[in-house]
Amino acid sequence: MSVLEANDLNVWFDLPHGGRLHAVQGVSFNVKEGERLGLVGESGCGKTTALLALMGLLPPSAEVAGSVTVNGEEILAGGEDAMRPHRWTDVAMVFQGAMNALNPVKTVGSQIEEPMKFHDTSSGAAAEKEAGDLLELVGLPASAATRYPHEFSGGMRQRAAIAMALACNPKVLLADEPTTALDVMVQAQILQLLLSLTRDLGLALVLVTHDLPLVTQVCERAIVMYAGRVAESGAVDTLFHDPRHPYTRLLFAATPDLSGERDVASIPGAPPRLDRPILGCPFEPRCDRAFDHCKVETPSLLEVGAAHRAACHLNDGSLERPSDREAAR
Amino acid sequence: MKSVEPALAEGTALVARPSSGGNEIVRVLKERRSALAGLVIVGFFVAMAVFGPALAPYSWTQQSGPVYAPPSSEHWLGTDDSGVDVLSEMLYGGRTSLIVGFAAAFVAMIVGGGIGVVAGYAGGGTDNALMRTTDYFLVIPDLVLMIVVATVFGPSLSHVILVIGLLLWTSTARIVRSQVKSIRERVYVRRARSLGASHRRIVAQHILPQVAPLLIATTVLTIAYAIFDESALAFLGVGVPGVSWGTMLERAFERTAMTQGAWWAFVPPGLAIGLVVIGCYLMGQAIEDALNPRLRVAHLSIKSWRFRTTPNVAEGDAS
Amino acid sequence: MSDVVTAPPSTHGGTLLLDVRDLVVQYPVRRGLTAALRREPRTTVSAVDGVSLSVRHGEMLALIGESGCGKTSTAQAILRMVDAASGTIEVDGREITHLTSKELRPVRRTMQMVYQDPYESLDPRFRVRRAIEEPLVIHGMTGSSEERERRIVEALERVELSPADLFIDRYPHELSGGQRQRVAIAASLMLDPKLLLADEPVSMLDVSVRAGILTLLDRLRRDGDMGIVMITHDLSTAAHFADRIAVMYLGRIVEEGPAHEVVRNPQHPYTKALMSVVPKPDPRDRTVPQILRGETPNPIDMPTGCRFHPRCPVAEDRCKVTDPQLHTARGAQGQAHRAACVLGIERGER
Amino acid sequence: MHRADYVIKRLAFAIMTVFVAITVNFVLFHALPGNAVSGFIRAPHVSPSLRAALTHEFGLDRSLWQQYALYLRELVFHANLGVSFTDSQPVTSTLADKLQNTIPMVFVGTSLAILVGIVTGFLSAWRRSGVVDRVSTSSAIVFYALPTQFIGMVLILLFAKYLPTAGMRNEINNYFSSGSTWSNVKDIGLHMALPAATLALTLFGEYTLVVRSSMLETLGEDYVLTARAKGLPQRRIVIAHALRNAMLPIATLVALSLGFIVAGAILVEIVFSWPGIGQLVYSAVSNRDYPMLQGAFLILTLSVVFFNFIADLLYFKLDPRIAV
């Protein structure tokens, strides 16, 4: 059974000068215990908003619809107040750029212990001990608890942030670009840490990133998002070797690899604006295999294989596709 | 290797956003009601200072009614301790107060802006020396020094303007300096430098236009302080000779208008000063807030996000 | 550091466009007041500590390393934005290390930089036209207005922003990140530079547009005789687009050679480790990453001997004493592939 | 890490500032046209011999450098700021007396302003755009904009019937200090009500506005989002995270303005005839009593420097990131 399940998640933002932006449009996914799921896409595709919506960490200008359940219990529908007890105990988060995510005037230890006290999981000397243990678990000395965030390097800070996320034994760890600002070697260290945590603690991980190789190396399954929607979802192996959405294929093609042999090409154009309705497939203007029907109907997410779904008309056998026409010729 | 990408690259899809033309101040006035209100208030008093004396019903020096006559149809704002029409005095006095306010703020803008730009752009030792000087000016109690200097030099319009202006530049200098320091490190400035552009060119083309909105905002705020200081100097008897809102307050106080219940002798100038200061504050603050990116996000507020129970995607899109 | 045996590899012929020898860049270390009172000596830290590199016409060199390795300082020294403590920099056969700022002015035309942040690379108040013509104005090369207009349009088309009319009157905030980066490149092309230094030109862009910018740079140097130094932390990008790769660690080049050779057959333990941790797009290609412990040490406390030895997985005792120089590596395919590791070289000589 | 260096540096700066202030003070009064004697002896019938005698007495016949050295020596070793022109009393003792009167009134008024300012600023940032915010922000702006003397005058107009409006004690208490301690305190308290209220009304607006804006800035910081993600209650987030960080600029502002308040109280003291240092400055200005004015100016600068240093120490205490 899934620990965390999001169903038909929608997020709208009221724009300051009128109008609304439909940032997340009917996104559904789930993670099991110990499973690692990647959420990939370009900036503005709604991946971070979707992640924040899971914990209800949205501004007042946001409106949310859909459901989020942890072990079958609905946590989203009750709004901010009902969400509060679930934060950190059920779902915890590691933010991008731990420099700003940690309070600069509080010791690392006190920031780890803080949620323990408020969720009554531990307090006093026990909490202090636990904080020290957590720091050691993430590869920092227990004495780091008495230090301030600015005394740490970027990598150490991110470790401290991970220790903080583990404070209340969450079932799911959400990580938003946890390695973006870090050097490659430090990035590898942090990823290894996340991997071992999911393995040893049975933690489910949702990793949000723009970096495809990161997801294919760390996660088992991934969701490729485009323009607020799921373009394709499935096992990372399937996504790489058998992509069924042109966007997935083109995104891989745009990513250089070490061999230096494969061609890399950028995807022309830019993602559509989300503050107005989109007719047809949102990727159609940039797609290299679009055909007439793509302009008219928005493709729905269809099963294209075992645990493999894609939102592309090319997978719909009933439609006449350009390739069919070519084949007929 | 390396495929050739389609000729249009990303050329087809422009990220369309309303073109502002880059004039922040006009935009702020358009978008923020408080800034517009401030402009209207200040504009009203400026107009009054320009045209007021011509409209004054009576002389501002000659007695035109009984002493401390309450407001009436002849004297809308009553008369003062020597029977002079208060409204006429207000109209004349506003001119002095505003001249001092604007001129002193201008002096502060030139000195503070100049020092700020030089310190921020030059950096290093120059910056250090200038900022140390500024620090010293910051700890001098303005009002007392103004009193001392005004006393030593004797009261006159230009002295008051200079004294106020030369003591109010410090905050302008600090604000401008830190802004210049950050602009100096922007990539386009670094590139212009690496191209061999002269300092004069970089300052004139890249730096000044960028700091201008902030400089104007602080100057507008300085006007408020200057008008304040003028009234304080006047109250201490070392202000501008002649009539100003400050001297009106002072005379009303000296002649115990409060205990005689002659509120009309000091409420109009007091409120006028207050209104001009509010006007300047609203304008200056609105521009400053608009320029401060840190105020754009709030991660916490009383309202929270809403949950829509019946998800209706179509409705959400339609609005 | 001065006894580099082999000259910079110029076996393929062609004149050197950029020739940097034994470059050292130092910054003073701020000492505290107490330290000053105790009369502790003023210390400097060498951000670049004896770097030699060269670029030929039409060649792209990738300078690789983690933050703090000195790659950006190297570029700034080449551009003469910071002064070299020692060493020489020759551009197109002319020694520029000690030129005065006046003498430097014409030289600056030949070297241009492309910066990392496309959101800060253009003055928000300058329309595209003005941003692109700025270099001409600075160098007093404006010419007639038709001539200028033609050159601006030409530059826009060269960076594939066509039709130029669509872009020429835009403000930066109306452009996407990739478009801004293209405008910035167009501006740097206006003076027909011979050498382009690109500092992480795509790291702040979306994945889907990165390749476009890189391909553009690639084409520019192939079309003309421009040389490009690309500073990047991304090995994959370097492997794809560069002719040669130089890997830097703590102010030194630790390995250098033709891109495909360095990537396929890394010689220095640091390069090997870096390669192993680069995430591969193919999930089946899950190599065991060789993760180095800790982080790059502070150059103020430079390790003795080989500066990599405290983190080196194969370090031996002598690595603590011997400071290795760049030499043709044992497993290298050709003279041009060199590494600064005692172990590699000795075994190679044996 | 040399955190101690910071304190030493700031202390050195404070001492330097004091020195600069002393020098500026000297230059202002001695080197500028219209020296003390020519100002003092404005009466046209002063005989040249008296003029010369006075000139000698004030040391004005020596070179500037000698005068400066003398001035420094007297000031540093004997705390001697000279003798008042008006009553021939030592300036230092008069200043000390007047400070004793000023400080309690200023303390009450300022504490009130700080309290009201922090509470209203805090609440209006927390309840941004709510009713509380609107009311407290607009009243803050209004009181911030009204001149001090005007607020004082309006208070006199409104409360003259109920509260004393001038002086510090009743005549009786003043001349026959026979009353009990309690009646004395009560008397002073009543007299203090209006001036302290004026001071509080003048000052609180700026505090409200600064507290509000620095709170709003911290509410936009990422660590506030982190705190929310941790499931902390709003109250805890606002107090322990946002306010704690907003305290940095607030503490500086408060300490700095404390320094200026003694100077700022001049207007209040004049309006309410409060026999403090402000009154002293006022009468020194009208009597052209330069030694007194000079002494007062120095004391007021010293108070700014002192509180400036306190602000630095506070910052040091509050912000662990401080290093040289």
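Just after helix α4 of chain C, C:Gly140 takes a positive phi of about 60 degrees. Helices here are DSSP runs of H or I with at least four residues, strands are runs of E with at least two, and both are numbered from the N terminus. This is a predicted model, in which local features need pLDDT of at least 70, side-chain atom pairs count only at pLDDT 80 or more, and totals for chains, interfaces and linings use all residues. Residues are numbered from 1 along each chain as its sequence is written, while chains are lettered from A and ligands numbered from 1 in the order in which they are written.

Helix α4(C) itself covers residues 128-138, and its buried residues include C:Val128, C:Ile132 and C:Ile138 (buried: 20 or more other C-beta atoms within 10 Å of the residue's own; exposed: 12 or fewer; partly exposed: in between; C-beta atoms are placed from the backbone). Part of the cover comes from chain B, with α8 and α9 among the covering elements.

Over in chain D, helix α6 runs through residues 131-145. Its buried residues are D:Ser136, D:Thr137, D:Ala140, D:Ile141, D:Tyr144 and D:Ala145.

How far can chain C be trusted? Its pLDDT (the predictor's confidence in each residue, from 0 to 100) averages 86, and 92% of the residues score at least 70.

Methods:
The expected span of a helix is 1.5 Å times one less than its number of residues. Two residues are in contact if their C-beta atoms, placed from the backbone, lie within 7 Å.
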